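Good morning, and thank you for coming. Please look at the structure on the screen while I go through a few of its local features.

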Amino acid sequence: MDTIPAPKETRTPLVSIILPVYNAGEELQQAVSSVLKNTVDDWELIIINDGSTDNTGEVGRKLAASDPRIRYFEQENGGPAVARNTAMEKARGKYLMFLDADDEFMPDMIEKMVKAAEENGAEVVMCATLEVDSNGNARTIPHGMPANNSLEGEETVDPFLRSLVRECRGRTPALWNKLYSLDFLRRNKLRFEPWQFHGEDWTFNLNLFTSEVPRMYFIEDALYKYKYKSDSISRNYVRPDKEHPFHSIDILLKYNDKYRLGEEGYIYERYVRETMEDMVMVIKNENKQTRKEILRAYLSQPQTKAILKESLPYRFSRKTDLFRQILLRGGYNFAVAFLRIIA
């Protein structure tokens, strides 16, 4: 891996900010500017260029040359999880924050997040989100947690972990509306799953509960500007890997059982629904031969039918339940026919 340029100092900053970037040279300058405008200047910004083919490298090198707090690195394309792991290894701050290249920090975000952590002994701080669409329309997305309040131990589990399992509250799975104690992350050996190209943030936040429950604080203010784009990377088609959904459902079931959440019905429905949605995307985006190979490999896994059978006692939404019944009783050809209809 190349470093361009070499870091200019070895100080210990208050906050390390991780910014993975792939082909976002046009947006990168604005994202970095939002950090530079913050009321706190004791930070380092770690930019990881994940194999971009546009002008990201040129922009990143200029930014690093302009400010010693900006550290710029390049690596071969490995996905956002790998890029974030690389940055975490290099982080030197007391706290860790995340920024996406097409988003922005509000000017007082770092100050308020750090203050909340310091005053409340919090290992994770979460704020609300300002969501801005492509037409410039803005709305605040509340986090749905106890506003301006802290939770610790078992009292954190029900509101926050249950929200993660269901993904039902304001940006709970996101990385960028949170500040993390780097010591907590390293103490619990938390990293991103390298195989995940989508949903790696959600899995990372679930794994906060692996061995100890973090003390958390929730800020009411919307401090992160999330720019919603219908064509952003997170909403683009990603070819599914037949093994990965089983990792995801295993993680969900592990925490559901460990903390007795009673959400297994939702977890099974989520798996079946996402399988259906993935397959629709395969039908829309792959040629006939590749599509056949992917669908057969995906739907013929023994664990697929096991999960479908285990989920029988639970009530699903109408379309999801129909897909489940077709898979169980009709098999591959009927399932594909159904997917083509709804695609």
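This is a predicted model: local features need pLDDT of at least 70, side-chain atom pairs count only at pLDDT 80 or more; totals for chains, interfaces and linings use all residues.

In which loop is Asn 148 found? Asn 148 sits in the loop between strand 8 (138–141) and strand 9 (149–151); helices (H or I, at least four residues) and strands (E, at least two) are DSSP runs numbered from the N terminus. Residues are numbered from 1 along each chain as its sequence is written, and side-chain values use heavy atoms, with hydrogens and water left out.

I begin with the loops. Most residues other than glycine have a negative phi. Asn 148, however, has a positive phi, near 50°. Its relative accessible area is 39%, and Asn 148 is thus partly exposed (buried means under 20% relative accessible area, exposed over 50%, partly exposed in between, with a 1.4 Å probe and protein chains only). Arg 260, in the loop between helix 8 (244–258) and helix 9, likewise has a positive phi near 50°. Arg 260 counts as exposed, at 69% relative accessibility. Glu 286 belongs to the loop between helix 9 (264–285) and helix 10 (288–299), and is buried, with a relative accessible area of 13%. From the C-alpha atom of Glu 286 to that of Phe 316, 30 residues apart along the chain, the separation is 28 Å.

Next, helix 2, residues 56–66. Its buried residues are Thr 56, Gly 57, Val 59, Gly 60, Leu 63 and Ala 64. Seen down the axis of helix 2, these buried residues fall within an arc of 165°, so they line one face of the helix; the arc is that of the directions from the helix axis to the C-beta atoms. The face turned away from the buried side of helix 2 carries the exposed residues Lys 62, Ala 65 and Ser 66. Among the elements that cover the buried residues are strand 2 (15–21), helix 1 (25–36), strand 3 (43–50) and strand 4 (70–75).

I turn now to helix packing. The axes of helix 9 and helix 10 come within 10 Å and cross at roughly 165°; axes are lines fitted to C-alpha atoms, for helices over the stretch in contact, and angles run from 0 to 180 degrees between N-to-C directions. Helix 9 is therefore roughly antiparallel to helix 10 (under 35 degrees counts as roughly parallel, over 145 as roughly antiparallel, 65 to 115 as roughly perpendicular and the rest as oblique). The contact (heavy atoms within 4.5 Å) is made by Thr 275, Asp 278, Met 279, Val 282 and Ile 283 of helix 9 and Arg 291, Ile 294, Leu 295, Tyr 298 and Leu 299 of helix 10.

Helix 12 (residues 318–329) and helix 13 (residues 332–342) have axes that come within 8 Å and cross at roughly 155°. These two helices are therefore roughly antiparallel to each other. Where they meet, helix 12 contributes Lys 319, Leu 322, Phe 323, Ile 326 and Leu 327, and helix 13 contributes Phe 334, Ala 335, Phe 338, Leu 339 and Ile 342.

Finally, the axes of helix 11 (residues 302–310) and helix 12 come within 10 Å and cross at roughly 125°, which makes helix 11 oblique to helix 12. Their contact involves Lys 305, Leu 308 and Lys 309 of helix 11 and Arg 324, Leu 327 and Leu 328 of helix 12. Thank you.
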